[in-house]
Amino acid sequence: MELAEAKQKFIEAWGKLGSEWGINRTMAQVHALLLISPEALTTEQVMEQLQISRGNANMTLRDLINWGLVEKQHRSGERKEYFFAEKDVWTIARQVAKERKRRELEPVLKLLGQLQEVQGDEQDPEYQTFKTSVTDINKLASNVDKTLETMLKAEENWFFGSIFKLFK
């Protein structure tokens with residue numbers, strides 16, 4: 001397989017993986033392109049290589065910057081903006097986990113905390129079932145939150161060493 005074909009397959013696979021994780025396919029593909037590019041790329045280069053519109057490229061690059069996965073760079077004497085992706089996969093994984101925690105898990109934990117305060121008749125089976133379900137889901141979500149916090153604070157070797165110990 002030639003490098004050009006391999007790069008295209010990687011970009012397509014990263015896009016598919018991203019969409020399965022709840023991230024826009026184009027966003028994942030732009031990230032993949034920047035991830036495997038040794039130099040920062042312009043919006044025009046991203047558009048050309050992925051065959052996407054300027055609006056789509058601009059919106060996607062802005063989203064990637066907001067996620068903390070891409071940074072904008074300026075070169076003196078040039079008006080163009082360049083975009084560069086972090087290459088360290090551990091840093092990428094931690095940043096994605098941090099953003100998903102902030103965008104998805106924290107709002108759910110807040111809602112579950114509010115739902116646990118529901119008042120009702122302790123003898124009512126409907127109330128009991130609701131209260132038990134919300135409490136159990138809240139415990140699970142809290143454990144996921146603690147695990148993510150540990151991952152975000154951990155160094156790569158310590159984290160994976162700890163995970164592997166669990167499976168021994």
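1. A surface patch is built from residues with over 30% relative accessible area and no salt bridge; like charges are joined within 9 Å, nonpolar side chains (Val, Leu, Ile, Met, Phe, Trp, Tyr) within 5 Å. Accessible areas come from the Shrake-Rupley method with a 1.4 Å probe, and for residues only the protein chains shown count as cover. A salt bridge is a side-chain nitrogen of Lys or Arg within 4 Å of a carboxyl oxygen of Asp or Glu.

2. This is a predicted model: local features need pLDDT of at least 70, side-chain atom pairs count only at pLDDT 80 or more, and totals for chains, interfaces and linings use all residues. Residues are numbered from 1 along each chain as its sequence is written, and side-chain values use heavy atoms, with hydrogens and water left out.

3. Now the patch. L111, L115 and F130 form a nonpolar surface patch of about 240 Å². L115 belongs to helix α5, residues 89-115. Helices (H or I, at least four residues) and strands (E, at least two) are DSSP runs, numbered from the N terminus. L115 has a relative accessible area of 30%, so it is partly exposed. The classes are buried (under 20% relative accessible area), exposed (over 50%) and partly exposed in between, with a 1.4 Å probe and protein chains only.

4. Next, the domains. The assignment gives domain 1 (3-85) and domain 2 (89-165). Such bounds come from an automatic or database domain assignment. Taken over C-alpha atoms, the two centres are 31 Å apart. Seven residues of domain 1 and six residues of domain 2 make the contact, meaning heavy atoms within 4.5 Å.

5. The two domains bury about 690 Å² between them, and carbon and sulfur atoms give 69% of that. Buried area is the accessible area (1.4 Å probe) that two parts lose on being put together, summed over both. On the domain 1 side, W21, W67 and L69 lose the most area to domain 2, together 67% of what that side buries.

6. Check Q51. Its phi is near 55°, a positive value in a residue other than glycine. Q51 sits in the loop between α3 (43-50) and α4 (54-66). Its relative accessible area is 66%, so Q51 is exposed.

7. T42 is in strand β1, residues 41-42, and counts as buried at 3% relative accessibility. Beyond four places in sequence, T42 touches K80, E81, Y82 and F83. Y127 is in helix α6, residues 125-153, and counts as buried at 10%.
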